[in-house]
Every structure is written in structure tokens, then in C-alpha cells.
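Have a look at the picture, then work through the points below.

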Amino acid sequence: MLLIQPLAIVAVLILAAQLIDGTRWLIVFPPLAALLAVWLAQALNAYRRAVAMGAAPTGELQAALFLPIAV
């Protein structure tokens, strides 16, 4: 998964660069949404695993407030 993420980001950037001048630029949004959904799934999985391993379930609000900045 570590190698796939940078490749997916580069693929979305290349797709956006190819389609930005035409009328089909909206095609970029589904791959971008899929990439964000994968990131969200990874974050939720990491949170659940951390809590299952004994971490205190705190800090969710700080992470949620950081997400708009990160995106």
C-alpha cells in the first residue's frame, strides 16, 4: 500500500493535467474522490487498531478539524 498511494496520486495528477484544457475535466473528480475515500478508510482502520491495542480514544476532534486543512 505504501507504493500504491504515490502512484495513485501521480496518476490523478497526470489525468488532471491531460484533461484540464478540454471539456472532460470533470472526469478527474471520481478518481480524486476514490483516493480520498481510501485515505479515510486507512485512517479509520488505524484508529480502530490503535484503540484495540490499548490507546486512549481521544484526539478525534483535533483530527477532524485538521482534515479540511489537509485536503
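**Pockets, helices and a ring pair**

By class, 13 nonpolar, two polar and one charged residues make up the lining of the largest pocket. Here Ala, Val, Leu, Ile, Met, Phe, Trp, Tyr, Cys and Pro count as nonpolar, Asp, Glu, Lys and Arg as charged, and the others, Gly among them, as polar. Keep in mind that this is a predicted model, where local features need pLDDT of at least 70 and side-chain atom pairs count only at pLDDT 80 or more, while totals for chains, interfaces and linings use all residues. Residues are numbered from 1 along each chain as its sequence is written, and side-chain values use heavy atoms, with hydrogens and water left out.

**The largest pocket**

- Rolling a probe the size of a water molecule over the atoms shows where empty space is left.
- A pocket is an open set of points on a 1 Å grid over the protein atoms alone, where a 1.4 Å probe fits and protein lies on both sides within 12 Å along at least five of seven lines; lining residues have an atom within 4 Å of a point.
- The largest pocket has a volume of about 460 Å³, a volume being the space filled by probe spheres set on the points, with grid points joined across faces, edges and corners.
- Its lining has 16 residues, and Trp39, Leu40, Ala43, Ala63 and Leu67 lie nearest the centre.
- Two helices, α2 (29-52) and α3 (60-70), each supply at least two residues of that lining.

**The second largest pocket**

- This one has a volume of about 210 Å³.
- Its lining divides into 12 nonpolar, no polar and no charged residues, including Ile9, Val12, Trp25, Phe29 and Trp39.
- Both α1 (4-19) and α2 supply at least two residues of this lining, and α2 gives the most, with five residues.

**The whole chain**

- The chain has three helices and zero strands; these are DSSP runs numbered from the N terminus (helices: H or I, at least four residues; strands: E, at least two).
- With a radius of gyration of 16 Å, well over the 11 Å that the globule rule gives for 71 residues, the chain is more spread out than a compact globule. That radius is taken over C-alpha atoms, and the globule rule is 2.2 Å times the number of residues to the power 0.38.
- Along its principal axes, the C-alpha trace spans about 50 × 25 × 15 Å.

**Residues to find**

- The count of aromatic pairs comes to one. Trp25 and Phe29 form this edge-to-face pair, at 5.8 Å centre to centre and 70 degrees between the planes.
- Rings of Phe, Tyr and Trp (its six-membered ring) pair if their centres lie within 6.5 Å; planes under 30 degrees apart count as stacked, over 60 as edge-to-face and the rest as tilted.
- Trp25 is partly exposed at 38% relative accessible area, and Phe29 is partly exposed at 44%.
- Gln62 sits in helix α3 and is exposed, at 54%. Its C-alpha atom is 34 Å from that of Trp25, 37 residues apart along the chain.
- Ala17 belongs to helix α1 and counts as exposed at 53% relative accessibility. The C-alpha atoms of Ala17 and Ala43 are separated by 28 Å, with the two residues 26 apart along the chain.

How values were computed. Buried means under 20% relative accessible area, exposed over 50%, partly exposed in between (1.4 Å probe, protein chains only).
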